[in-house]
Amino acid sequence: MMQMTGAELIVRLLERQGIRTIAGIPGGAILPLYDALSGSETIRHVLARHEQGAGFIAQGMARVSGRPEVCFASSGPGATNLVTAIADARLDSIPMVAITGQVPLAMIGTDAFQEVDIYGMTVPITKHNFLVRSAAELLEVIPQAFRIAMSGRPGPVLVDVPKDVQNQLVSFEALPEPAVPDPAPSPDLEAIAAAARMIDAAERPVLYLGGGVVHSGASGLAVSLAEQAGLPTTMTLMALGTMPVDHPLSIGMLGMHGARCTNFILEESDLLICVGARFDDRAIGKAAQFCPNAKIIHVDIDPSELHKIRTAHVAINGDVAAVLEALLPQVKPILRKRWLSHVDSLKARFPIAMPGRDDPRTHYGLVHAVAAALDDEAIIATDVGQHQMWVAQAYPFRRSRQWLTSGGLGTMGFGVPAAIGAALAEPERTVVCFTGDGSFKMNIQELATLAEEGLNVKIVLMNNNSLGLVYQQQSLFYGKRVFASRYRGEPDFLKIAEGFGIAAVDLDTAANPRAALAQALQSRGPCLIHASISREEFVYPMVPPGAANTEMIGD
Amino acid sequence: MIEQVAEPLQQQGFAKVVLELEVNNHPGVMSHICNLFARRAFNVEGILCMPMADASRSRIWLLVFEDQRLEQMVLQVEKLVDVLSVRRHGAEHEVFERLEKFFL
């Protein structure tokens, strides 16, 4: 018979689940759990400076490792501060277990100090959530939380634990086994055979890869399918890296800021093979006009994604890797010379224009200079905005999990804490966080966490002293009525970094910006690399909101 | 150019259906289900919930319109961890008919 408190039980179960790093912030209602955590010999706690930072640190770890990671927050404001990071994990299908303290059971519903119904609040943004009512329930709830977070389409799970439950003694015979994911649904073999026949019969097929390929670890299989069946391959924002960008079959990212050629090739396709993607509006533009002449094969682990936006001719519910494995031997090797040479001519005629790509003081040039100074082992995180799209367009991604970005929710403030998480998960890698001045200020307090942990994170700040994408949209679509998108104050980010104890390099004043950049990237430890970017640089080409993907503006 | 605003969803003129859900019986299950319908502005015309003989489970009856979003709604309901099964019946199912006399 074993006996321990609820808090000790949580820590034991996390240890057994293989959790080695937890990000969080303590507070009154979660102090018993922190007390128990202080006795753990295997779990290291990383003290964030804002709970949203803790949530994104956990996400950064999970995006790199592919397994559920954990964050802690106290009740009330601690818990509500986690909400954005949880919603972000939900939209990008990131496995995460958030554990929050709650006021004691008897005080729930009394408007007690720092009481908030985080269970109710997180119903629509979690895969599932729990309000634990006894310490004994933890024996089931904690493994269940991990099982749910990692089974099928991954996602966030919240476990709300009242303070008295953390303190309650519980006796039990044995600890439960660590959670493992549920087996994936066995794919429909007839549908797979039908898909193979459609691929063989198609004349202008396109392979469309989404984040599901990353989650399923199927990038190698996806590339094999493309090569075997001669499929030009586009990737969503979430899937960048699943096929190396310089692979001859890669046609790059599709959608709002994809290349013109990519959207033109899709327009001409007669078969779209959608693998682990979800026809997001930023990717496909006006749904009815996306690939108007194409039949659709849709593979997804989540049955509710099939037929959600576009009705598929063949829909296959299953794990992407398992489906591709079954599909590959049935697909005929085809060279598809005519279609591929047409694709190549479209690629040559309508590439993304990258003015200034050789000048590290321009936005594209800076992205290229960073890439030139690093190899594929580096991890690239971004915040959200113009810089994010420029990096997505210009950085040569060549492997899965090389690229961490907030896609579905588009959360400014994601970058720095996610990069910290990535560096915690894989400390031997260089982690670069491209950010903009708007995003950077949204979780700038995590510079303190970064300095304390001394992680190898390089923040490349593209500073145009404005909310660049808002300024761009107002300039293009709101009659140049620029409002609330230009900052009047201009903080000195170099001094801010210095104040946090982080080295800083200013490319604006460097005699040789390329050399200064390379040196900053190659020396170990955190560093801020600052570069001013003109506010008049816009992200092009662009599909105007609500338009079809072929109606792009700009070069 | 501004993103289009969706047309108001039409519900009148659609047939009604009865959904029969078997769910885990604990506080919070109803909120997961109602939340799902509410945030999609999918009107639930009638709702009935009782524990089953085995008290660890409940049965929920929902009366809804069969509009074009129903398929997606059912798929979303099936994804809820506490929902064990979903069955679909026609509007002629007697469960709500027999209740009607309490609402006269």
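Visitor: How many bridges join strand 18 of chain A to strand 20 of chain A?

Guide: 6 bridges join strand 18 (residues 457–463) to strand 20 (residues 527–532) of chain A, and the two run parallel. Helices (H or I, at least four residues) and strands (E, at least two) are DSSP runs, numbered from the N terminus. Before we go on, this is a predicted model, where local features need pLDDT of at least 70, side-chain atom pairs count only at pLDDT 80 or more, and totals for chains, interfaces and linings use all residues. Residues are numbered from 1 along each chain as its sequence is written, chains are lettered from A and ligands numbered from 1 in the order in which they are written, and side-chain values use heavy atoms, with hydrogens and water left out.

Visitor: Which residue is the bridge partner of Lys458(A) in strand 20 of chain A?

Guide: That's Cys527(A).

Visitor: And what order do the strands of the open sheet have?

Guide: The order is 16-15-17-18-20-19 in chain A, an open sheet of 6 strands with parallel pairing. Two strands pair if DSSP finds at least two bridges between them. Strand 16 (403–404) and strand 19 (503–506) of chain A are at the edges with a single partner strand each, so one side of each has no neighbour in the sheet.

Visitor: OK, switching to domains. What does the domain assignment give for chain A?

Guide: Domain 1 (2–171), domain 2 (189–349) and domain 3 (363–532). Those bounds come from an automatic or database domain assignment.

Visitor: How far apart do the C-alpha centres of domain 1 and domain 3 of chain A lie?

Guide: 29 Å. In terms of contact (heavy atoms within 4.5 Å), 23 residues of domain 1 of chain A meet 28 residues of domain 3 of chain A.

Visitor: What area do domain 1 and domain 3 of chain A bury between them?

Guide: About 2000 Å², with 61% of it on carbon and sulfur atoms. Buried area here is the accessible area (1.4 Å probe) that two parts lose on being put together, summed over both. Arg49(A), Arg63(A) and Val64(A) supply 33% of what domain 1 of chain A buries against domain 3 of chain A, more than any other three residues.

Visitor: How many salt bridges are there between domain 1 and domain 3 of chain A?

Guide: The count is 2, using a side-chain nitrogen of Lys or Arg within 4 Å of a carboxyl oxygen of Asp or Glu. Arg44(A) forms a salt bridge with Glu453(A), and the closest N and O atoms are 2.3 Å apart.

Visitor: Which element gives the largest share of the domain 1 side that touches domain 3 in chain A?

Guide: Helix 3 of chain A, with 10 residues.

Visitor: Now chain B. How many residues does the contact take from chain A and from chain B?

Guide: 22 from chain A and 17 from chain B. The area buried between chain A and chain B is about 1600 Å², and carbon and sulfur atoms give 54% of that. Val123(A), His128(A) and Ser304(A) supply 27% of the area that chain A buries against chain B, more than any other three residues.

Visitor: What does Asp302(A) form with Lys79(B)?

Guide: A salt bridge, with the closest N and O atoms 2.6 Å apart. The rule finds 1 salt bridge across the interface of chain A and chain B. Asp302(A) also meets Arg153(A) in a salt bridge at 2.8 Å, N to O. Arg153(A) is in the loop between helix 6 (138–150) and strand 7 (156–162) of chain A, and Asp302(A) in the loop between strand 13 (295–300) and strand 14 (314–317) of chain A, so the pair ties together parts 149 residues apart in sequence.
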